[in-house]
Amino acid sequence: MALYEHVFLARQDVSSQQVEALVDQYKGVIEANGGKVGRIEHWGLKSLTYRINKNRKAHYALMDIDAPSDAVKEMERQMRFNEDILRFMTVSVDAHEEGPSAMLQKRDRDDRPRGDRDDRPRGDRGDRGPRRPREDRE
């Protein structure tokens, strides 16, 4: 059986419980067709880059799938008929990631470089001319 990562976007109007019900519904489709669903992640309600069917936000969900291609095709076919699903994407992968996905990993703010500009070296300005004091600028 092949390994897949499947992400879908549900309308902003549906509740988190309804999104979980959708995940369970499609998990049942995969399992009925001889597959298994591994990790399931709910990424929550996030803003969309552009509007999709008058929605500015969507609930994101990720499923790791180990199933034959016919099971995935059947799940995608059923998603096309569901008006609560805005978009979906299935990608074939060589191996599933261990641990949380990149969307769920929280970055520690202390690990990021600081935005202090005073400790950076000031290089040559090239052809931009000499620096002027700020009060001379208009």
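This is a predicted model: local features need pLDDT of at least 70, side-chain atom pairs count only at pLDDT 80 or more; totals for chains, interfaces and linings use all residues.
I found an open sheet of four strands, ordered β2-β3-β1-β4 and paired antiparallel. I then checked the edges: β2 (36–52) and β4 (85–93) sit there with a single partner strand each, so one side of each is left without a neighbour in the sheet.

**β1 and β3.** Strand β1 (residues 2–11) runs antiparallel to strand β3 (residues 55–67), and I get ten bridges between them. For one of the residues I noted the partner: Ala2 bridges to Ala67 in β3.

**Helices.** Which strands does helix α1 touch? I have α1 (residues 16–32) packing on the sheet with contacts to β1, β2, β3 and β4. The direction of α1 makes about 130° with that of β2. Helix α2 (residues 69–81) packs on the sheet as well, touching β1, β3 and β4. Against β4, the direction of α2 comes out at about 165°.

**Asp64.** Is Asp64 buried or exposed? I get 2% relative accessibility, and because the cut-off for buried is under 20%, Asp64 counts as buried. I listed its contacts too, skipping neighbours within four places in sequence: Tyr4, Glu5, Lys36, Val37, Gly38, Arg39, His96 and Glu97.

Methods:
Residues are numbered from 1 along each chain as its sequence is written. Side-chain values use heavy atoms; hydrogens and water are left out. Two strands pair if DSSP finds at least two bridges between them. Helices (H or I, at least four residues) and strands (E, at least two) are DSSP runs, numbered from the N terminus. Contact means heavy atoms within 4.5 Å. Axes are lines fitted to C-alpha atoms, for helices over the stretch in contact, and angles run from 0 to 180 degrees between N-to-C directions. Buried means under 20% relative accessible area, exposed over 50%, partly exposed in between (1.4 Å probe, protein chains only).
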